Amino acid sequence: MPDKALDLDLAHRRGGFSLTGRASLPLTGVTGVVGPNGAGKTSLLRVIAGLDRGRGNTIRFDIETWQAGPLFLPAYRRRTALVFQDSRLFAHLSVTGNLDYAAQRAVPDTAGPDRAELIDLLELAPLMARRTADLSGGERQRVALARALSARPRLLLLDEAFSALDAGFRQSLLPALRDRLARWRLPALMISHDARELAIMADHVLPVENGQIGTLCGRDAWLAGSEGRSDTADEPGAVLTGRITGHDPRFHLTGLSVGAHRIALPGLTELAIGGEARLYVPARDVTLAVDAVDGLSVQNRLPGTVTTITDRPDTAWCDVELDVASQRLCARITRAAAEALALKPGDTVIALIKSASLAPRPD
């Protein structure tokens, strides 16, 4: 059990849909909420926020009971902030007016961002005087996130809140936002179908499927496909964590140290030198070599040790897990290739990772 937790015991029914299950979610870091469309993810966030009331629900936030039996704490007293995919801004107010509205409802002297920090983080300066009806979808999502944070909530709820953002901006925003949430000590629940978003933002993952809340698992285990997924065919991936060592303005690349090794990546030039960066590496984007290889365009080469080799039944593939600088990396290669290389646990190999696989992708 986490020291401070959001405890859920739900038997929620609305129309013909039901959402049931128990979970104890840490009130630190970010919890990713995953599952197919219609599984009940948005319903879960609405119930937590107090927007939907079900008689069979019990919800406790740390030592405070939000709902139990006849007791129901209304949404405004829970002090959550829910950001929907479609933003839901006040159309009759400007961007400044939307932020002012939220700031007026913040509890004085609570931790959180100030206006200038939000404007800088979300690049809102050119938008402040504009009507929200005149904004693009991505601009509205940025304003909606700023409005939510302006209220200085105790819990941030994000429902596909980054889906309309430009891929390049999203790439730079997510690690910066995660850093800010940690500094503000603001826990968050985040619905996303994007493994890259979850890799960068989430610390743990809660699956929801067919109206049933699943078992909380670690982010790395979920990315590996070993927990929290009903579809065993899902392709695994891994997260590499490193430190920013410098930026090359000529080639628009950023150096990242992973243990004693260095790789160069695009799309990270806004991150501070010395800061931590998380990279999601899909298994399909990792190639293995047993010897040093010259004459390739792939420059990111990390030595690693094979830990496990898992065949994918009734397919041509197998997944090779590696230890790279005490971190897990996974490569999906053909079983024929694994046999040709005579791979076995304990072997030393070189993992080749294309820079393009780690760059922002077009929306």
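Reader: In this predicted model, how far is the sulfur of Cys217 from the closest cysteine sulfur?

Author: A disulfide is a covalent bond between the sulfur atoms of two cysteines. To count as one here, the two sulfur atoms must lie within 2.5 Å. The closest cysteine sulfur to that of Cys217 belongs to Cys330, and the separation is too far for a bond: 16 Å.

Reader: Is Cys217 buried or exposed?

Author: A residue counts as buried when its relative accessible area is under 20%. Cys217 has a relative accessible area of 4%, so the residue is buried.

Reader: What is the distance from the sulfur of Cys318 to the nearest cysteine sulfur?

Author: Cys318 counts as buried, at 1% relative accessibility. Cys318 takes part in no disulfide, and its nearest cysteine sulfur, that of Cys330, is at a distance of 9.2 Å.

Reader: How many disulfides does the structure have?

Author: The rule asks for a pair of cysteine sulfur atoms within 2.5 Å. Under this rule, the count of disulfides is zero.

Reader: How many aromatic pairs are there in the structure?

Author: Rings of Phe, Tyr and Trp form a pair if their centres lie within 6.5 Å. The number of aromatic pairs in the structure is two.

Reader: How are the rings of Phe61 and Trp66 arranged?

Author: Planes under 30 degrees apart count as stacked. The ring centres of Phe61 and Trp66 are 4.8 Å apart and their planes meet at 5°, so this pair is stacked.

Reader: Are Phe61 and Trp66 buried or exposed?

Author: The limit for a buried residue is a relative accessible area under 20%. Phe61 has 9% relative accessibility, so Phe61 is buried. Trp66 has 0% relative accessibility, so Trp66 too is buried.

Reader: How are the rings of Phe90 and Tyr101 arranged?

Author: Planes over 60 degrees apart count as edge-to-face. The centres of the rings of Phe90 and Tyr101 are 4.7 Å apart, with the planes at 70°, so the pair is edge-to-face.

Reader: How far apart in sequence are the parts that Phe90 and Tyr101 tie together?

Author: Phe90 is partly exposed, at a relative accessible area of 28%, and Tyr101 is partly exposed at 34%. Phe90 belongs to the loop between β7 (80-83) and α3 (95-103), while Tyr101 belongs to helix α3, so the parts that the pair ties together are separated in sequence by eleven residues.

Reader: Which residue has its charged end over the ring of Phe90?

Author: A charge sits over a ring if, among other conditions, the end atom is within 6 Å of the ring centre. At 4.8 Å from the centre of the Phe90 ring sits the charged end of Arg147.

Reader: Over the face of which residue does Arg142 lie?

Author: The limit on the distance to the ring centre is again 6 Å. Arg142 is 5.2 Å from the centre of the ring, and that ring is the one of Phe169.

Reader: Which element gives the most residues to the lining of the largest pocket?

Author: The largest pocket has a volume of about 680 Å³ and is lined by 22 residues, including Tyr101. Elements that each supply at least two residues of this lining are α2 (75-78), β7, α3 and α5 (137-150). The element that gives the most, with four residues, is β7.

Reader: How many residues in the lining of the largest pocket are nonpolar?

Author: The lining also holds two polar and four charged residues. The number of nonpolar residues is 16.

Reader: Which element gives the most to the lining of the second largest pocket?

Author: The second largest pocket has a volume of about 550 Å³. Its lining has 20 residues, and among those closest to its centre are Ser172 and Arg180. Two or more residues come from each of α4 (115-122), α6 (167-184) and β16 (276-282). The element that gives the most, with nine residues, is α6.

Reader: How many charged residues are in the lining of the second largest pocket?

Author: By class, this lining includes ten nonpolar and two polar residues. Its charged residues number eight.

Terms used:
Residues are numbered from 1 along each chain as its sequence is written. This is a predicted model: local features need pLDDT of at least 70, side-chain atom pairs count only at pLDDT 80 or more; totals for chains, interfaces and linings use all residues. Side-chain values use heavy atoms; hydrogens and water are left out. Rings of Phe, Tyr and Trp (its six-membered ring) pair if their centres lie within 6.5 Å; planes under 30 degrees apart count as stacked, over 60 as edge-to-face and the rest as tilted. Buried means under 20% relative accessible area, exposed over 50%, partly exposed in between (1.4 Å probe, protein chains only). A charge sits over a ring if NZ of Lys or CZ of Arg is within 6 Å of the ring centre and within 35 degrees of the ring normal. On a 1 Å grid over the protein atoms alone, a cavity is a set of points where a 1.4 Å probe fits but cannot get out, and a pocket is an open set with protein on both sides within 12 Å along at least five of seven lines; lining residues have an atom within 4 Å of a point. Grid points are joined across faces, edges and corners, and a volume is the space filled by probe spheres set on the points. Ala, Val, Leu, Ile, Met, Phe, Trp, Tyr, Cys and Pro count as nonpolar, Asp, Glu, Lys and Arg as charged, and the others, Gly among them, as polar.
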